[in-house]
Amino acid sequence: MKISIIGSGYVGLTTGACFADIGHEVICIDNDSNKIKSLLAGNIPIYEPGLEELVQKNVKKGTLHFTESIEEGVEKSLVIFIAVPTPPLEDGSVDMTYIEKVARQIAAVLKDYRVIVDKSTVPVKTGEKVYQTIKRYNSHNSEFDVVSNPEFLREGVAIHDLLYPDRVVIGATSERAIKIMKEVYAPFKAPILITDLNSAELIKHASNSFLALKISYINALSRICEAAGANVQMVAEGMGLDHRIGKHFLKAGIGWGGSCFPKDVAAFIKISQELGYDFKLLKEVSQINNDQKEIFLRKIRNVLWVLKDKRIGLLGLAFKNNTDDVRCSVAMDLARVFLKEGAIVQAYDPKAMRKAEEVLPSIHYCSSALDVAEEADCIVIATEWEEFINLDWKSMKSKMISPIIFDGRNLLDKKKMIEMGYHYVGVGN
Ligand code: UDX
């Protein structure tokens, strides 16, 4: 199948590489000429395990191409995916200008039947608007269908999620488009759910909001556990063994971040409001998340008292492990507060330091995890990188002024840390 993907960002690039790898002929398009040049040279602008190798392999094989030209993509491909950003506006609603522009650009060069697939996360009813826009600006009056095919990949495990998806959602009513979309996904052997356009679009916001809700629920429980002298990790384990609940997304911590959950929860609240429903439950989910960070900061202030001139060793800057993404990272938010209050922040992250430095140059970036302990008044664990579990915590302790650990991800074994002589503060335990 000949496929074009407009937008070579996180979703577009990983999707393009995976489609090419399973045998489709793929053209990835982007209007950023530097990005296209660097991709053609084999350089990947993001850290995603396995992506660089997959791109290079398929470029070499001749199934993955890059171009700036939407015209070329539309001409050469039967299926055109839209994977451009849908960033949040200040009031929580979604900026649709990129999608609208791409719809017009496709319309301008559309000559024969094409399936236009929206992969970006968009408010419900976007597909209808994309359809109307293409129809309005299509001077050749060509036939086309618009399909919604939301992407559920997680950063850090994106290749796995794309190659082995839990489900593929196809929102379409045209039998012709459904048949073509089934062919696109046939090699994946994943369950395919066919819905109408609006339902497919809702599934994405509904899923992400539900996952955020699950984390906020366990974070709210972590406060009850602390008040009652119980252990949230055990409570989560006991809950998760019930198949109806499931064990995933029940890790209490300092709250969810990243480029999706904060944006999607805010957007879903706004979308619901516009549809006449006040989604109070989701507002609370968001509030719990904001409070979770504040409560953690309060714990730090309770022990250290004044943060000014304290040396804080920060482990983790990415919004979660296995990524270099620092967008809406709770770890970065914590660093901002520490710096604002006059603390010295010495931080380490296995992958995210370059991107963090662009945003927060006043952090002292360390070349190893061990270095953050140097003369530190405390260590704060803010990202769930596995390598932090197996650090030489004895050596770390000997470097610190006072051996205090604030474990914002419940990564370490509390009992062991206390036995080692640490003052250990976790979440809900
Ligand atoms: C998410 C969705 O999982 C994915 O399906 C969607 O396509 C995009 O948004 P992602 O943003 O990559 O993916 O990260 P995810 O692994 O879901 O984690 C989101 C945040 O929740 C992170 O900050 C993570 O640290 C936090 N989290 C996750 C918890 O605090 N506890 C958990 O149990 C799980």
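This is a predicted model: local features need pLDDT of at least 70, side-chain atom pairs count only at pLDDT 80 or more; totals for chains, interfaces and linings use all residues.
Which residues in α5 meet which residues in α6?

Let me begin with the overall form. The protein chain contains 16 helices and 14 strands. Along the principal axes, its C-alpha trace spans about 75 × 50 × 40 Å. The radius of gyration is 23 Å, which agrees with the value near 22 Å that a compact globule would have with 429 residues.

I turn now to the domains. The domain assignment divides the protein chain into domain 1, covering 2–195, and domain 2, covering 230–429. Taken over C-alpha atoms, the centres of domain 1 and domain 2 are separated by 33 Å. Their contact involves 14 residues from domain 1 and 15 residues from domain 2. On the side of domain 1 that touches domain 2, the classes are eight nonpolar, four polar and two charged residues.

Next, the ligand. There are 20 residues around the ligand, and those that come nearest are Glu155, Lys251, Trp256, Gly258 and Cys260. Which domains supply at least three residues each to this shell? Both domain 1 (2–195) and domain 2 (230–429) do. Helix α9, residues 197–228, provides the largest share of the shell, namely three residues. By class, the shell around the ligand comprises 10 nonpolar, four polar and six charged residues.

Finally, I come back to the opening question. Two packed helices are described by the angle between their axes and by the distance between those axes. For helix α5 (residues 97–109) and helix α6 (residues 126–137), the angle is about 35° and the axes lie 8 Å apart. The crossing of α5 and α6 is right-handed. From α5, the residues in contact are Ile99, Glu100, Ala103, Arg104, Ile106, Ala107 and Ala108, and they meet Thr126, Val130, Thr133, Ile134 and Tyr137 of α6. In terms of class, this contact of α5 with α6 consists of eight nonpolar, two polar and two charged residues.

That concludes my presentation. Thank you for your attention.

Definitions and conventions. Residues are numbered from 1 along each chain as its sequence is written. Domain bounds come from an automatic or database domain assignment. Two residues are in contact if their C-beta atoms, placed from the backbone, lie within 7 Å. Ala, Val, Leu, Ile, Met, Phe, Trp, Tyr, Cys and Pro count as nonpolar, Asp, Glu, Lys and Arg as charged, and the others, Gly among them, as polar. A residue is near a molecule or strand if its C-beta atom, placed from the backbone, lies within 6 Å of it. Helices (H or I, at least four residues) and strands (E, at least two) are DSSP runs, numbered from the N terminus. Axes are lines fitted to C-alpha atoms, for helices over the stretch in contact, and angles run from 0 to 180 degrees between N-to-C directions. A crossing is left-handed if the near helix is turned anticlockwise from the far one by less than a right angle, and right-handed if clockwise. The radius of gyration is taken over C-alpha atoms; the globule rule is 2.2 Å times the number of residues to the power 0.38.
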